[in-house]
Amino acid sequence: GNKNINAKLVLLGDVGAGKSSLVLRFVKGQFIEFQESTIGAAFFSQTLAVNDATVKFEIWDTAGQERYHSLAPMYYRGAAAAIIVYDITNQASFERAKKWVQELQAQGNPNMVMALAGNKADLLDAKKVEAEAISLQSSALNEKLTEIRGKWWIRLTEAQAYAQEHGLFFMETSAKTAANVNDVFYEIAKRLPRV
Ligand code: GDP
Ligand code: MG
């Protein structure tokens, strides 16, 4: 028969990485260009059907500010899953994401399903960058775009390698275009232990 699973899920990551936007996209199918900063944490719930189960996610969207750091364990303790979010255009947010992974691996539930989400993928879409470079036909700009693309590629492969090494699964997402947003939750739902 079909199983019903309740799963506490926490979103962690730097301020501005797009945690609230990912939740809003997943829960309501919306995107807000000027999403307000989260104060403390916000709660949402959403149900997702996978092959053999119906998963009810109880989602804690945390604030990300350093001054709220001491509250974080309240949200990740007992969580079945975590999405650690960074902004692919912001190196510091990737470093912050790694810190969260460390903390979860040291103090979180050892069976926690963890996803690393490189968000705002729409801002560095390789195909888009390429098309712009071709259409503008300026060699200086072309060089600049090649440089940006190169850096982005390094970051992408770095994130993939990091995720693999630390037992997370990795996806690039965009709360703005909805790319891979449902997929992250779906992949988590598939990986949750069936008890
Ligand atoms: P949080 O602090 O991690 O919750 O981040 P927010 O969800 O509040 O997002 C911070 C800012 O980034 C907001 O202005 C969002 O509109 C914007 N944002 C979030 N996700 C995306 C995305 O996928 N693409 C783009 N272009 N902007 C995004
Ligand atoms: Mg937020």
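Student: Leaving aside its neighbours within four places in sequence, which residues is F185 in contact with?

Tutor: Bearing in mind that the model is predicted, F185 is in contact with L9, F26, L48, F57, I59 and I83 once its neighbours within four places in sequence are left aside. Several of these names return when one turns to the largest nonpolar core, which has 29 residues and in which L9, F57, I83, F185, I188 and L192 are those with the most contacts inside it. At least two residues of this core are supplied by each of strand 1 (3-13), helix 1 (19-28), strand 2 (41-50), strand 3 (53-62), strand 4 (81-87), strand 5 (113-119), strand 6 (169-172) and helix 6 (181-191). Helix 6 gives the largest share of the core, 5 residues. Apart from this core lies another, of 27 residues, and among them are A79, I88, A97 and W100. As a general background, nonpolar side chains in soluble globular proteins tend to be buried together.

Of the contacts between residues at least 6 apart in sequence, 72% join residues at least 24 apart, and buried residues make up 46% of the 195 residues. For the overall dimensions, the radius of gyration is 17 Å, which agrees with the value near 16 Å that a compact globule of 195 residues would have, while the C-alpha atoms fill a box of roughly 60 × 40 × 35 Å along the principal axes. The chain exposes about 10,200 Å², and carbon and sulfur atoms supply 52% of that area. As for the charges, the mean positions of the 22 positive and 21 negative ones are 5 Å apart.

Not counting residues up to four places away in sequence, L24 touches G29, Q30, F31, I32 and Q35. For the pair L24 and Q35, which are 11 residues apart along the chain, the C-alpha atoms are separated by 9.7 Å.

Key. Residues are numbered from 1 along each chain as its sequence is written. Chains are lettered from A and ligands numbered from 1 in the order in which they are written. This is a predicted model: local features need pLDDT of at least 70, side-chain atom pairs count only at pLDDT 80 or more; totals for chains, interfaces and linings use all residues. Side-chain values use heavy atoms; hydrogens and water are left out. A nonpolar core is a set of buried Ala, Val, Leu, Ile, Met, Phe, Trp, Tyr and Cys residues joined through side-chain atoms within 4.5 Å. Buried means under 20% relative accessible area, exposed over 50%, partly exposed in between (1.4 Å probe, protein chains only). Helices (H or I, at least four residues) and strands (E, at least two) are DSSP runs, numbered from the N terminus. Contact means heavy atoms within 4.5 Å. The radius of gyration is taken over C-alpha atoms; the globule rule is 2.2 Å times the number of residues to the power 0.38. Accessible areas come from the Shrake-Rupley method with a 1.4 Å probe; for residues, only the protein chains shown count as cover. Lys and Arg count as positive and Asp and Glu as negative; His and the chain ends are not counted. The place of a charge is taken as NZ of Lys, CZ of Arg, CG of Asp or CD of Glu.
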